[in-house]
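Please examine the structure shown below.

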Amino acid sequence: AILYAGQSEPLGLLHDFVAPAWATLFVLRYLTQSGLAGSLAPYLMLPIDRRGLVQRMTALDLLNLHTGLPMLFVGAFAISTLAGPFGAGTATVWATLLLLSLVCADLLCRWLRLRPWRFAEVRWALIGVGAVIALDLLTTQYLPTLVRIQLDATLFGSVAPLAGLTVATLLLFRAVTYGQYHALLHPEATRPRALSLGRFVAGRPVRSALRLELLLVIRHRRTRQLVLSSLAFAFVYPLILGGSESIGLGFAMGFLASGVVAFNYGPLMFGWEGRSFDGLLVRPTLLRDLLAAKVALLGLSVVGVVLVATPLFWLLRPHLVFPTLAAGLYVLGIGIPLTVGVATTNRTALDLSGSMLFNYQGITGKQMVGGVIIGLPAFGVVIVWKTAGLWIVAGLGVLGLMLMPLTLRLLTRRFARVRHQMAASFRATV
């Protein structure tokens, strides 16, 4: 209601709210909705057609609270507000369109839960798509505008939106019933899984390595000071210097806010472990998992800062929200892998017990040049193309997220090639 306080007309308010409400309900479905496995079990020993059983049970399972409760409101709104001026038939078509959109959300959720999440490319692609949708809902709102156009067209007699959504619903229903039937025949190949951040982003070895990375930050004075001071700069500088409406300056402030922790801590990631680097190499963990943990640590720092900064900027510096989100995506997809690559040039074992103030131990020209290479192209794109440049930068970040498995393989090859040289340099500087 706060976001749409400027809307006084209830139909326009509802049409604008459909897209974010659909996205929110979809996330809630994925987190809480269960599959058909338990309800089908009692019928599997009966001499009945399993394919038909799956189809009938799936159709019945679509009648649930996630769909029913929103439709109670939609039905009441259609009767009270639309039936009079637009006619009962048009109000019915409008309500049916919203009902099918909820059914599509249900079926899409079931289809995603049936996927055998073995390939990291699929996980990262979904993260990228979800990030783009969230970015649009929070800023430019192209998707809500498109949804409103289709709903308005339905009220003025167009049946094309209803026809298109009906076809999409039937295709999704067929895909879901086929997937569930295949899961009955081969339960070990496709097993629906509940959502968990660790399982969605990384495997158990990566989580163990990530825990050690976090402990390294928490337990040592220099790393703690570096991270805490970076967090302070992430919020103070944009609030003080971000008063200008310039898109270029807004992107600079967003880039600083989202990436300051990653860019201050990340370029020295191996140097922090320089005094125990030999132990790192003999640890029973794949090199790829070690690098994935470092990428995940920097990624969590970016996501955490953006999640806190976005509502704060929304209240105090609204023009910084879109640049901050675009910069955050760019840092996640492009900046972090390049930062970890720069960290493979570390050759000095760092003293973690000292203070960070005026402490330039381990910092070389390579880290500085690497920072320029990471940020300069994005700034150039935004300065030249303004708002379109923000979308280009965000798109590059999403592309980087989708290609993250390939990036990790390249980083692993690089680290495997230089690790013994790094270990010898660290031993010489202890």
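Helices α15 and α16 are roughly antiparallel to each other, because an angle over 145 degrees counts as such and their axes cross at roughly 170°. The model described here is predicted. Helix α15 covers residues 287-316, and its axis comes within 10 Å of that of α16. On the α15 side, the residues in contact include Leu 291, Val 295, Leu 298, Gly 299 and Trp 314. On the α16 side, they include Val 321, Thr 324, Leu 325, Gly 328 and Val 340. By class, the contact of α15 with α16 comprises 14 nonpolar and five polar residues, with no charged ones.

The table sets out the geometry of each pair.

| Pair of helices | Axes come within | Crossing angle |
|---|---|---|
| α15 and α16 | 10 Å | roughly 170° |
| α12 and α16 | 8 Å | roughly 40° |
| α16 and α17 | 9 Å | roughly 145° |

How are α12 and α16 oriented to each other? They are oblique, as follows from their crossing angle, and the crossing is right-handed. Helix α12 consists of residues 247-265. Its contact residues include Gly 250, Phe 251, Gly 254 and Phe 263, which face a set on α16 that includes Pro 323, Ala 327, Tyr 330 and Gly 335. Eight nonpolar and eight polar residues form the contact of α12 with α16, and no charged residue takes part.

The crossing of α16 and α17 is likewise right-handed. In this contact there are 18 nonpolar residues, eight polar residues and one charged residue.

Helix α17 itself is not straight. It spans residues 365-402, and its 38 residues would reach 56 Å as a straight helix at 1.5 Å a residue, yet its end C-alpha atoms are only 30 Å apart. A bend of about 140° is located at Lys 386 of α17.

Note on methods: Residues numbered from 1 in each chain as written. Predicted model: local features only at pLDDT ≥ 70, side-chain atom pairs only at ≥ 80, totals over all residues. Heavy atoms only, no water. Helix = DSSP H or I, 4+ residues; strand = E, 2+ residues; numbered from the N terminus. Expected span 1.5 Å × (residues − 1). Bend = angle between axes of the 7 residues up to and from the residue. Axes fitted to C-alpha atoms, helices over the stretch in contact; angles between N-to-C directions. Left-handed = near helix turned anticlockwise from the far one by under 90°. Nonpolar A, V, L, I, M, F, W, Y, C, P; charged D, E, K, R; others polar. Parallel < 35°, antiparallel > 145°, perpendicular 65-115°, else oblique. Contact = heavy atoms within 4.5 Å.
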